[in-house]
Amino acid sequence: MYSKKHLMDCLDHLRIEKEGTLLVHSSYKSIGEVDGRADTVLDALSDYMADGLLVLPTHTWKYISKDNPVFDVKKSPSNVGILTELFRNRENTIRSEHPTHSVAALGKDAAAFTAGEYKHDTPCAGESVWGKIVDRKAQIILVGVDLTRNTFIHGIEEWMDIPGRMTDSHEELFSILHSGEKVRVPSRRHCGLSWSEHFWKVNDLLIEEGAMKTGRFGDAETRVVDAHMTTVLLTELLEKNPELFTENKPLEPEWRCYFRNKRMN
């Protein structure tokens, strides 16, 4: 059974920057048996990042839509796991007000980090929290999940304006803000296939190029992604091959050779 101290030691072994920004995607059940269960996991993350900024997604894209268009920042539950739902309700945690792709943040600059998200008409706008993650050179940990659950890569595709990823038209959505005000948030949505299911194909490349490393958090295989390095690598790949994530096939060997030769030179 894992204790809070053991989980904090895992974060230390993963070389998580205590004063930096940490975004956590997770599968709670993958961690194994924890003394105190999910609350202990959140305590470990929160205490470890006490001098930095801890961020968890609290998305509602699964059920907020044109047929159910009102997101309430205080009441709408997260649809991405028990840790995210518990975290958004914790004391001093601030949830952003985007109707489908909100996050909850705790710690340094949390209020500024999450402010104004309802003003963006896409899930991962460059000026949103997803772009700020790059600016802050954040680390992203994937606890018991792989790159197919890394929302951040959707952001890179959005910023690159990859065809077929976003609707051209807007849905009429609304956000009820922390103030209680209800505002219109006309929103373009992700469309087409579940493109994130293809993100696995750059796993080995990110490791080889030093943009990602692996370790363990409890029992969970865990990936630590450097947001800035990953953005640079995938932006270059997508510039050369906009269809990179369109096909669910392994990355062509010549791309790995391309980056290897570039690094060596």
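**Entry 1: charges over rings.** I looked up Arg-165 and found its charged end over the ring of Trp-195, 4.0 Å from the centre. I also noted Lys-182, whose charged end sits over the ring of Phe-174, 5.0 Å from the centre. My criterion was NZ of Lys or CZ of Arg within 6 Å of the ring centre and within 35 degrees of the ring normal.

**Entry 2: the model.** This is a predicted model, so I kept in mind that local features need pLDDT of at least 70 and side-chain atom pairs pLDDT 80 or more, while totals for chains, interfaces and linings use all residues. Residues are numbered from 1 along each chain as its sequence is written, and side-chain values use heavy atoms, with hydrogens and water left out.

**Entry 3: aromatic pairs.** I searched the whole structure and got two aromatic pairs. Phe-152 and Trp-159 pair edge-to-face, at 6.0 Å centre to centre and 75° between the planes. Phe-152 is buried at 0% relative accessible area, whereas Trp-159 is partly exposed at 29%. Phe-199 and Phe-245 are also edge-to-face, at 4.9 Å and 70°. Phe-199 lies in the loop between β8 (182-187) and α7 (203-208), and Phe-245 in the loop between α8 (227-240) and α9 (253-264), so the pair ties together parts 46 residues apart in sequence. Both Phe-199 and Phe-245 are buried.

Cut-offs I used: rings of Phe, Tyr and Trp (its six-membered ring) pair if their centres lie within 6.5 Å, with planes under 30 degrees apart stacked, over 60 edge-to-face and the rest tilted. Buried is under 20% relative accessible area, exposed over 50% and partly exposed in between (1.4 Å probe, protein chains only).

**Entry 4: nonpolar cores.** I took a core as buried Ala, Val, Leu, Ile, Met, Phe, Trp, Tyr and Cys residues joined through side-chain atoms within 4.5 Å. The largest has 38 residues, and Phe-113, Ile-133 and Phe-245 are among those with the most contacts inside it. Its largest share, five residues, comes from α8. I listed what Phe-113 touches (heavy atoms within 4.5 Å). Beyond four places in sequence, its partners include Leu-53, Val-103, Ile-133 and Arg-136. A second, separate core has 28 residues, including Cys-10 and Val-34.

**Entry 5: overall.** I counted nine helices and ten strands; these are DSSP runs numbered from the N terminus (helices H or I, at least four residues; strands E, at least two). Buried residues make up 51% of the 265. The C-alpha atoms fill a box of roughly 55 × 50 × 30 Å along the principal axes.
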